[in-house]
Amino acid sequence: MSCILNIETSTNVCSVAVCKDGVCLFNREDHEGPNHAVILGRYVDEALSFVDSSLIKLNAVAVSGGPGSYTGLRIGVSMAKGICFGRDLKLVSVPTLQLLAVPVLLEHDLEDDALLCPMIDARRMEVYSAIYDRALNEVRAVGADVVDAETYKEYLDKQPVYFFGNGAAKCMDVINHPNARLIPDVNPLAANMMPLAEKRMNQEQTEDVAYYVPFYLKNFVATKPKKLI
């Protein structure tokens, strides 16, 4: 198993964790942000000091790869690349929307046919989202949505859909469907990156440190769903 330093800066929350053999050994979180430019360096220094003083061999750095805040992702990825270059480590990118789903799967009792719809807030009624099943298989790819009653109706008409993330609460009155479920206060956190980062390491899904670019929100243009005629 690998020892991985995890960095998460895709939203206002800044967090850093060290995980090894399925166990989180070190964790720091700041929920008062965005303070990434001020806090991330200190958290990383503390994490690396912990690793070195514990004589633990660090194998990789995992970073939340978006979608998310342009500034937040840029700060996190720059830090991750610097550590990888300086210590000759592998770089792993963890999709932010999948990361949001980890605590939901671990901490909540979901129906067998439930779908997961993590949401990252953009502005007004815009969100960035994807839809996954309980195995985190992609049912609908990452996209930008201007949310109205029709946006997720094709899924809601068939089965329960759980909405969560910092873009979810504002959408519930508009979605207004009996199969819509809201899970509040779900944030992408470095401590939850462990299963996704370890899976990518085991499958050798690592990034080119020099050329890796995260999934910036600016890559999307939010659109309304087409009406059925």
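Predicted model: local features only at pLDDT ≥ 70, side-chain atom pairs only at ≥ 80, totals over all residues.
1. Pro67 sits in the loop that runs between strand E4 (60-64) and H2. The peptide bond joining Gly66 and Pro67 is cis, and its omega is about 5°.

2. Pro34 belongs to the loop between strand E3 (23-30) and H1.

3. Asp21 has a phi near 55°, which is positive although the residue is not glycine. Asp21 is placed in the loop between strand E2 (14-20) and E3.

4. Helix H1 covers residues 36-53 and helix H2 covers residues 70-87; their axes come within 11 Å and cross at roughly 30°. Angles under 35 degrees count as roughly parallel, and H1 and H2 are therefore roughly parallel to each other. The crossing in which H1 passes H2 is right-handed.

5. On the H1 side, the contact with H2 is made by His36, Ala37, Leu40, Gly41, Val44, Leu48 and Asp52. On the H2 side, Gly72, Ile75, Gly76, Met79, Ile83 and Arg87 take part. By class, the residues of this contact divide into 7 nonpolar, 4 polar and 2 charged.

6. Helix H3 (residues 96-107) and helix H6 (residues 194-202) form another pair, with axes that come within 9 Å and cross at roughly 125°. That angle makes H3 oblique to H6. Gln98, Leu99 and Val102 of H3 meet Pro195, Leu196 and Arg200 of H6. The contact of H3 with H6 has 4 nonpolar residues, 1 polar and 1 charged.

7. The second largest pocket holds about 220 Å³ of space. It is lined by 16 residues, of which Ser10, Thr11, Asn12, Val13 and Asn166 are the closest to its centre. The class count for the lining of the second largest pocket is 10 polar, 4 nonpolar and 2 charged residues.

8. For anyone checking the coordinates, these are the places to look. The positive phi is at Asp21. The helix contacts are H1 with H2 and H3 with H6. For the second largest pocket, Asn166 is one of the residues closest to the centre.

Definitions and conventions: Residues numbered from 1 in each chain as written. Heavy atoms only, no water. 1 Å grid on protein atoms, 1.4 Å probe; cavity = no way out; pocket = protein on both sides within 12 Å on 5 of 7 lines; lining within 4 Å. Points joined across faces, edges and corners; volume = space filled by probe spheres on them. Nonpolar A, V, L, I, M, F, W, Y, C, P; charged D, E, K, R; others polar. Axes fitted to C-alpha atoms, helices over the stretch in contact; angles between N-to-C directions. Helix = DSSP H or I, 4+ residues; strand = E, 2+ residues; numbered from the N terminus. Parallel < 35°, antiparallel > 145°, perpendicular 65-115°, else oblique. Left-handed = near helix turned anticlockwise from the far one by under 90°. Contact = heavy atoms within 4.5 Å.
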